[in-house]
Amino acid sequence: MAIQLNINGKRHSVDVPPNMPLLWVLRDTLGMTGTKFGCGMSLCGACTVHIDGEATRSCVTPVSAAAGKKITTIEGLSADRSHPVQRAWIEVDVPQCGYCQSGQIMTAASLLAKNPKPSDPEIDEAMKGNICRCGTYQRIREAVHRAAELHAAPAKSAELGGANGAEEAADRQPVNAGGAA
Ligand code: FES
Ligand code: FES
């Protein structure tokens with residue numbers, strides 16, 4: 001039976017087993033490869049998306065559990081890289097290989113949507129489940145602070161909660177999740 005999904009503001013009907021991980025559906029069924037596969041066991045954060053605004057591990061989320069909910073992936077965070085987290089990531093030049101970064105960005109965006117001015121310990125706590133094998137943690141922390149500043153700037157008021165923007169492929173962006181699809 002087809003499952004109805006709302007991803008980045010668009011409706012998708014997918015004919016897949018209900019227990020298939022959402023990550024599989026995003027990447028293999030829908031070709032949205034900005035969200036990465038790292039461990040498949042909820043251990044690394046590479047697969048992080050938002051479901052109803054909550055940072056969620058899509059590798060361990062059955063697609064049926066996401067049906068009827070608002071799913072946001074890195075492709076939908078903004079239409080034009082204008083999300084404060086994306087702008088901060090570019091400015092601070094956070095990524096190294098890039099593989100973990102879509103997950104990092106999605107977790108950071110979720111944090112800032114709830115806590116617009118997090119402290120270092122709050123950032124570390126929120127981000128601790130997102131592993132970066134390149135060790136970009138210092139720049140991630142700096143970029144989260146910068147994103148908070150950008151969000152607070154009156155002339156630059158892009159939403160932090162994840163826009164229903166166009167599905168601009170993360171693989172085309174300088175702050176992309178990088179690496180192999
Ligand atoms: S791939 Fe989902 S947490 Fe690692
Ligand atoms: S930038 Fe390489 S794993 Fe994080």
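Predicted model: local features only at pLDDT ≥ 70, side-chain atom pairs only at ≥ 80, totals over all residues.

Residues are numbered from 1 along each chain as its sequence is written.

Helices (H or I, at least four residues) and strands (E, at least two) are DSSP runs numbered from the N terminus, and two strands pair if DSSP finds at least two bridges between them. Five strands make up an open sheet of mixed pairing, ordered E2-E1-E5-E3-E4. Strand E2 (10-14) and strand E4 (54-57) each have a single partner strand, so these edge strands are left without a neighbour on one side. Neighbouring strands are turned by 40° against each other on average, direction ignored; axes are lines fitted to C-alpha atoms, for helices over the stretch in contact, and angles run from 0 to 180 degrees between N-to-C directions. Strand E3 (residues 48-51) pairs with E4 in the antiparallel sense over four bridges, and Thr-48 has Arg-57 of E4 as its bridge partner.

Helix H1 (residues 22-29) packs on the sheet at about 110° to E3, touching E1, E2, E3 and E5, where contact means heavy atoms within 4.5 Å. Helix H4 (residues 101-114) lies across E3, E4 and E5, at about 35° to E3. Twelve of the 14 residues of H4 are buried, so this helix is largely enclosed by the rest of the structure; buried means under 20% relative accessible area (1.4 Å probe, protein chains only). The cover over these buried residues includes E3, E4, E5 and the helices H3, H5 and H6.

Conventions: Chains lettered and ligands numbered in written order. Heavy atoms only, no water. Buried < 20%, exposed > 50% of the residue type's maximum accessible area, 1.4 Å probe, protein only.
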